[in-house]
Amino acid sequence: MNAATTQAEAAVRRRITQVERALQDPDDPANPAGFAALLSADEHFAWPAEAERRLDAIGFGAEFVPVALGGRLARADVLARVLRPVFRRDVALGFGYGITSLFAASAVWAAGSQGQRTRLAELMRGGGRTAVVHHRLAHGNTMWQGELTARRDTHGFTLEGRKEDVVNAERAGAFVVYARTGEGRGAASHSVLLLEDVEAQPGLRVLPRRLSTGMRGCRFAGLEFTDHPVPADALVGERGEGMRLALRTFQLNRSLVSSVLLGAADTVLRAAVRTVATDRKSRPGGRQPAVLASVFADLLLCDTMATAVLRSLHLFPDSGHLGAAAVKYLVPDLVREDLEELGTVLGTSGHRRDSAQGFLSKLLRDLPAAGLGHMGTAACQAVLIPQLPLLARTSWGETPDPPDLLFAVQEPLAPLALESLAVAGGEDHLVAALLGAAHRLRDGDGGASTDHGDGATRAALRTAVEAFAAELAQLRARLCEAPPHDRTFMASARWAALTDRYVLVAAAGAALGHWVRLDGTDPFLADPAWLVLALTRLAGRLGIRLPDPPPGCVERVYGEAVARLRTGRAYDVHGVALDGSDAGADGHRRPGRAA
């Protein structure tokens, strides 16, 4: 690790540590920002005000503002890491505090005037909220229903319509509105408007708060516009650019949500590992340790995919939309399955429902409310399905193995340029990573595999890689047979099934691309045991029956899960201490304290 990388990583860890220390020990029942207080607030449909106050005190709103505007947002992958401590405690807090403000503001960061960007940055740096008023979307929950229309007139626009379930509608200092400004359903049908100084404006009514099944502490309320005047300079970008801006900014939103969700999953896995590790009746080779090892391997695989996709927004702005749709399509579903498996451990543990089991129940309620359900899957299918035949013909097997920088998770990147993101076309770099890893392993250039793990595990890895390469070849053949531009075929269940298979192959590519480039600094990650477990589970979802992983794989991965519990380290590819005790000024990991 060179000096610049070391310094950059140390700065990232200081930001993460600042958030962890502001919110303090989540397991402390006396902590007003801990699990007990957050679960109580959720039970009473109350916003966790003390947690918000602590985040305000460290200027957390600046994390969502680009560095060029006085904030701290430069790298998308770093933003995800800084947000995970919040999501580790409460998904509703993470969404309601700032991530929805980012979803709103990203259109302004991408296409707003200098004045719009400067004023919105000042609002958010000061702890203010920005609410997004989405366009109508098929398959959406109530957050996506309803439509606003902006009619052109002499002063600019007149806004009409009603929108239900806008997060922070009651207390936002600005609204970013996707309003219909054209006829029909074409790409130029909508425009984006930035409404500022929204208090006591004529023709704008904030409707009473609506209680929600999930994210119950969030403030959902409706907005009603009646002959509401909007000045011409409220237009963000060009008229008719709304759909393109939505597709551009969704790339950051989808990738980011998939990554921060892993922080919440970390909490449930940690509780389950604690339960089994302290149970005298639990056997190391029993079912429960195998479940925990498998879930841990899944989370590592998800992290490699989410991180690679976030970094791709910087490195491959012409192709980022592909990875963003794939990761949002797959990761929430994998995490949901993992949570259900962890529930089988916690459900028999005797834990009180106000602790680990309560957190799990709350999390499973929160995910659909956060858009991590059918609506998210359908929207991602709409991005991937039209492009897969072209990728199969022109990218798979043609796009070169990605540069190491895509998977070098600590290496700095140029600041994110949302305005550069394309919404169609590009190349498939995750599939290229799969084929590149397969080629390296066939040539004996297995990266860390040459020095870590036993022979049986390395052989199991090679078998898994060849199985995924064969699956890709079959998938490519089937996609190339599809009639081009046949909308009927693309709307069929068969096509959706091919998309399901594709995202699993892409996930394997991300994990393999990450692993073959490891330098062995972390012996656990360099050992392919976790990767064999993760790929075996992915293959099972494809209906591919691989040999059972060698017996030592489960033991080594479960052993690391217990070690990370005892030293208070995260269940992700960084594995750093949650309280920041293992990172000094040089950014290198040190032995953590016992938890």
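Aromatic pairs and their surroundings

Guide: The protein chain exposes about 22200 Å², of which carbon and sulfur atoms supply 53%. This is a predicted model. Its chain has 595 residues, and 61% of them count as buried. The secondary structure comes to 19 helices and 8 strands. Among contacts with a separation of 6 or more, 76% are between residues 24 or more positions apart.

Now the rings. A pair of aromatic rings is described by the distance of the centres and the angle of the planes. The structure holds 8 aromatic pairs. One of them joins Phe 60 and Tyr 97, with 5.7 Å from centre to centre and 55° between the planes, a tilted arrangement. Phe 60 sits in the loop between α3 (49–57) and α4 (76–87), whereas Tyr 97 belongs to helix α5, so this pair ties together parts that are 37 residues apart in sequence. Phe 60 and Tyr 97 are both buried. Ring pairs also bring in Phe 64, which makes a cluster with Phe 60 and Tyr 97.

Another pair is formed by Phe 95 and Phe 103. Here the geometry is edge-to-face, at 6.3 Å centre to centre and 75° between the planes. Phe 95 and Phe 103 are both buried as well.

Helix α5 covers residues 91–111, and Ser 106 lies in it. Ser 106 counts as buried because its relative accessibility is 0%, the cut-off for buried being under 20%. Beyond its neighbours within four places in sequence, Ser 106 is in contact with Thr 249, Asn 253 and Leu 418.

Leu 363 has its place in helix α10 (residues 356–369). With a relative accessibility of 3%, Leu 363 counts as buried. Residues up to four places away in sequence aside, Leu 363 touches Val 91, Ala 264, Val 268 and Leu 339.

For Leu 193, which is 18 residues from Phe 175 along the chain, the C-alpha separation is 8.0 Å.

Helix α8 (residues 287–315) packs against helix α18 (residues 529–541), with the axes 8 Å apart and at an angle of about 90°. That angle makes α8 roughly perpendicular to α18. From α8 the contact uses Ala 293, Ser 294, Ala 297, Asp 298, Leu 300, Leu 301 and Thr 304. From α18 it uses Trp 530, Leu 533, Ala 534, Leu 535, Arg 537, Leu 538 and Arg 541. By type, the residues of this contact between α8 and α18 are 9 nonpolar, 2 polar and 3 charged.

Note on methods. Residues numbered from 1 in each chain as written. Predicted model: local features only at pLDDT ≥ 70, side-chain atom pairs only at ≥ 80, totals over all residues. Heavy atoms only, no water. Helix = DSSP H or I, 4+ residues; strand = E, 2+ residues; numbered from the N terminus. Buried < 20%, exposed > 50% of the residue type's maximum accessible area, 1.4 Å probe, protein only. Contact = heavy atoms within 4.5 Å. Areas by Shrake-Rupley, 256 points an atom, 1.4 Å probe, with all protein chains shown as cover. Axes fitted to C-alpha atoms, helices over the stretch in contact; angles between N-to-C directions. Parallel < 35°, antiparallel > 145°, perpendicular 65-115°, else oblique. Nonpolar A, V, L, I, M, F, W, Y, C, P; charged D, E, K, R; others polar. Phe/Tyr/Trp six-rings, centres within 6.5 Å; stacked < 30°, edge-to-face > 60°.
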